[in-house]
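These are my notes from a first look at a structure that was new to me. I wrote down what I looked up, entry by entry.

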Amino acid sequence: MQGTRLWVAALFLLPALALLGALVVYPIGYSVWRSLFDASGNGFVGVDNYHEVFTDDRIRTALKNNVIWVVVAPSVATALGLVFAVLTERVRWGTAFKLVVFMPMAISMLASGIIFRLVYEQNPDRGVANAVWVGVHDTFSPPAPFPGAHPRGDELLTESHGAFTTRAVVKAGSATALPLVGAKPADMKGAKDAIPARDVAGKVTGTVWRDFTRGGGGTPGKIDQGEQALAGVTVEAVKDGRTVASATSAADGTFTLPGAADGAQLRLPASNFAAPYNGVDWLGPSLVTPAIIAAYIWMWAGFAMVLIAAGLASVPRELLEAARVDGANEWQVFRRVTVPLLAPVLAVVLITLMINVLKIFDLVYIIAPGASLDKANVLALQLYQSSFGTDVNQGVGSAIAVFLLVLVLPVMYVNLRRIRRERRR
């Protein structure tokens, strides 16, 4: 009877064991075997492929990035999940908030990668991240009024480091013309017609305007009918390299400087014409990895929140109330009671995310542009490139796969030990 039961159990287990062997055991064994051969698969090279894993610059960069991923992404996602889970317990609309935070989990990695590729677009008119960043920057540091504007020639004004200075000194009681071209039509919307400045005794006056007449015509250096004023342009009077006075052009383009400007040269600072701030190169070599990690956290913080919230629901409320009765404030209750009681759940979330980021591939492959792909490289992506990319070497790819397995095994071992301890309690 006992033998019959064993045979029946073996028959029921056989399909699962066959699938396990075909989908897990055989691929692992074949990868180990293939990692000992060269690119063609015919020449035995021993551990040379493993040596290349630790000496090739691209693979070393991938290994370094994997370390960053394992340390940062699971920790931040778990921390955010913990904060969200605790805070949503105290608000009436907590369920709706959890739904919104968890929604990114319903989106595939491919779709998330495409979304964040657009979010991190360099052009502020298309990329949300730079649109916000540029908006904040321009709030505290207003953009130049007329980026790209410049003199028609160098007869009146000379250029130096983006600033334009008059060749001749100015005299009090006489008006100075400062004609410019190149101002963009978008920056001229609502501009008034320029008018010649009046001569004022004891003061230096002048006009800054766009020396351009629609349809052609007009006299260069002279204010013709219909030519528009450049308002808000800073004009400085400079003597011996020192600014002695400054003014800003009015709506009609005119400006007035005090008598201290007599005998000085007029300078239009580069800040009048600087190119608009274009934001941060989120997907450049220096920021591409943190940017992709942020996209990952956006997706997986909801997963951490849901698991932690489930664990939080099982925490005995009387323990929390007892701590408050004993005089503990909310931060002390959270740090000394809630977090220790949630330690098993936090360990599950952290270990799950660590295993997940060790094999991260699609987000990096989709978000990182070609110019930054090597800087954002991770082991799973390098495995794909080595095995199926332009420079195919499946021996090295198999060695990377075995190395990834070795990295995952300690995490799995810790997880199994934790599960066994939980069962004994």
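Is Asp240 buried or exposed? I looked it up in this model, which is predicted. Asp240 is exposed, with a relative accessible area of 85%.

**Entry 1: two loops**

I placed Asp240 next. Asp240 sits in the loop that links β5 (234-239) to β6 (242-248). I then checked its backbone and found a positive phi of about 55 degrees, although Asp240 is not a glycine. I noted the background for this: most residues other than glycine have a negative phi.

I found His161 in the loop between β1 (157-160) and β2 (163-166). With a relative accessibility of 77%, His161 counts as exposed, since the cut-off for exposed is over 50%.

**Entry 2: the whole chain**

I stepped back to the chain. I counted 13 helices and eight strands in its secondary structure. The radius of gyration is 34 Å, whereas the globule rule gives 22 Å for 425 residues, so the chain is more spread out than a compact globule. Along the principal axes, the C-alpha atoms fill a box of roughly 120 × 75 × 40 Å.

I checked burial next. Of the 425 residues in the chain, 38% are buried. The accessible surface comes to about 23700 Å², and carbon and sulfur atoms account for 63% of that surface.

I also looked at contacts between residues at least 6 apart in sequence. Of these contacts, 69% join residues at least 24 apart. For the charges, I found 37 positive and 31 negative ones, with mean positions 11 Å apart.

**Entry 3: what the record says**

I turned to UniProt. An unreviewed entry there places "domain: ABC transmembrane type-1" at residues 63-415. In the model, this span is 45% helix and 12% strand. Its end C-alpha atoms lie 23 Å apart.

The unreviewed UniProt entry also lists "transmembrane region" at residues 6-26, 67-87, 99-120, 293-313, 333-356 and 396-416. I checked two of these spans in the model. Residues 67-87 are 100% helix and 0% strand, with end C-alpha atoms 30 Å apart. Residues 333-356 are 96% helix and 0% strand, and their end C-alpha atoms lie 31 Å apart.

**Entry 4: Val83**

Val83 belongs to helix α3, which covers residues 57-88. Its relative accessibility is 38%, so Val83 counts as partly exposed.

How far apart in space are Val83 and Ser174, C-alpha to C-alpha? I found 68 Å between the two, with 91 residues separating them in sequence.

**Entry 5: Gln385**

Gln385 is in helix α12, at residues 379-388. I read a relative accessible area of 17% for Gln385, which means it is buried, as the cut-off for buried is under 20%.

Which residues does Gln385 contact, leaving aside its neighbours within four places in sequence? I listed Leu373, Asn377 and Asp391.

Key
Residues numbered from 1 in each chain as written. Predicted model: local features only at pLDDT ≥ 70, side-chain atom pairs only at ≥ 80, totals over all residues. Heavy atoms only, no water. UniProt positions renumbered as here; feature names shortened; annotations may be inferred. Helix = DSSP H or I, 4+ residues; strand = E, 2+ residues; numbered from the N terminus. Rg over C-alpha atoms; globule rule 2.2 N^0.38 Å. Buried < 20%, exposed > 50% of the residue type's maximum accessible area, 1.4 Å probe, protein only. Contact = heavy atoms within 4.5 Å. Areas by Shrake-Rupley, 256 points an atom, 1.4 Å probe, with all protein chains shown as cover. Lys, Arg positive; Asp, Glu negative; His and termini not counted. Charge placed at Lys NZ, Arg CZ, Asp CG, Glu CD.
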